[in-house]
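Please keep the sequence and the model open while reading.

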Amino acid sequence: MHRNQYDTDVTTWSPDGKLHQVNYAEQSVKQGSCSLGLRSSTHAVLAAVRRSTNALASSQKKIFKIDDHLGIAISGLTADARVLATYMRTECLNHKYLYNSPMVTGRLVSDIADKHQSKTQASWKRPYGVGMLIVGLDKDGPHLYQTSPAGFLHELQAMAIGERSQSAKTYLEGEFATFENANRGELIMHALKALKSAAHDDTVSIYTILSDLTV
């Protein structure tokens, strides 16, 4: 992407109705290593490719545990993801302290989407350059959500984001009908097969939540 007169700050609209800095942040997500999530009626699984930037460095952490009932997988800028993960952990701790119960996943995800969107409303801020897949468990069962730098929020059955995620999406779409009744092992196997084309020789991280957790 090249610079132009409409990308000097995040609040400047281009003639074709775009906020270029938001588009740049979304491009950061697309260039990050692939992460995916999928859920059944009883379980939810996150999987992510952990890639090292060079031979002398350790791989970047791509999956973060937020609470006993909630976790995230990210693609994009890991530094931005750490900031959001810290915010989510603090919110979960505060909620548990005040109400003696786990925070409802949908409420926390909505707060995160609002934080993303608020970064697009002031010229002295920049969007978070990270996309997130969030799995959580509540009284209605497992949930999977996706957030984006623009502040979009979607609840999904399965999703993949990041570099070479299209091949993972193609696999997930082909096996979609089997997810609802799948057990933990079957979901993990689907996740590994979906990431096969994106992972190559890289390490894959797995995170799962189970419906038998007390919520």
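Buried means under 20% relative accessible area, exposed means over 50%, and partly exposed lies in between, with a 1.4 Å probe and protein chains only. This is a predicted model: local features need pLDDT of at least 70, side-chain atom pairs count only at pLDDT 80 or more, and totals for chains, interfaces and linings use all residues. Residues are numbered from 1 along each chain as its sequence is written, and side-chain values use heavy atoms, with hydrogens and water left out.

## Salt bridges

Side chains of opposite charge can pair when their charged atoms come close. A salt bridge here is a side-chain nitrogen of Lys or Arg within 4 Å of a carboxyl oxygen of Asp or Glu. The structure has five of them.

One joins Asp 67 to Lys 96, with N to O at 3.3 Å. Asp 67 belongs to strand β3 (residues 63-67) and Lys 96 to helix α2 (residues 78-99), so the pair ties together parts 29 residues apart in sequence. Helices (H or I, at least four residues) and strands (E, at least two) are DSSP runs, numbered from the N terminus. Asp 67 is buried at 11% relative accessible area. Lys 96 is partly exposed at 33%.

Lys 65 and Asp 68 also meet through their side chains in a salt bridge, at 3.3 Å from N to O. Lys 65 is partly exposed, at 47% relative accessible area. Another pair is Arg 164 with Glu 163, whose closest N and O atoms are 4.0 Å apart. Arg 164 is partly exposed at 35%. Glu 163 is partly exposed too, at 30%.

## Cysteines

How many disulfides are there? A disulfide is a pair of cysteine sulfur atoms within 2.5 Å. By this rule the count is zero. Cys 34 is buried, with 1% relative accessibility. Cys 92 is buried as well, at 2%.

## Strand β1

Strand β1 spans residues 35-39, and five of its five residues are buried, so the strand is largely enclosed by the rest of the structure. In a regular strand the side chains alternate between the two faces of the sheet. Both faces of β1 are covered. Ser 35, Gly 37 and Arg 39 are buried on one side, Leu 36 and Leu 38 on the other.

Two strands pair if DSSP finds at least two bridges between them. β1 pairs antiparallel with strand β2 (residues 43-50) over five bridges. Leu 38 faces Val 45 of β2 across this pairing. The two strands form a hairpin with three residues between them. β1 also runs antiparallel to strand β8 (residues 158-161), joined by four bridges. There, Ser 35 stands opposite Ile 161.

## Strand β5

Which residues of β5 are buried on each side? On one side they are Val 130, Met 132, Ile 134, Gly 136 and Asp 138. On the other they are Gly 131, Leu 133, Val 135 and Leu 137. Strand β5 (residues 130-138) thus has nine of nine residues buried, so the rest of the structure largely encloses the strand.

Strand β4 (residues 70-76) pairs with β5 in the antiparallel sense over seven bridges. Ser 75 has Gly 131 of β5 as its bridge partner. Strand β6 (residues 141-147) is likewise antiparallel to β5, with seven bridges. Met 132 stands opposite Thr 147 in β6. β5 and β6 form a hairpin with two residues between them.
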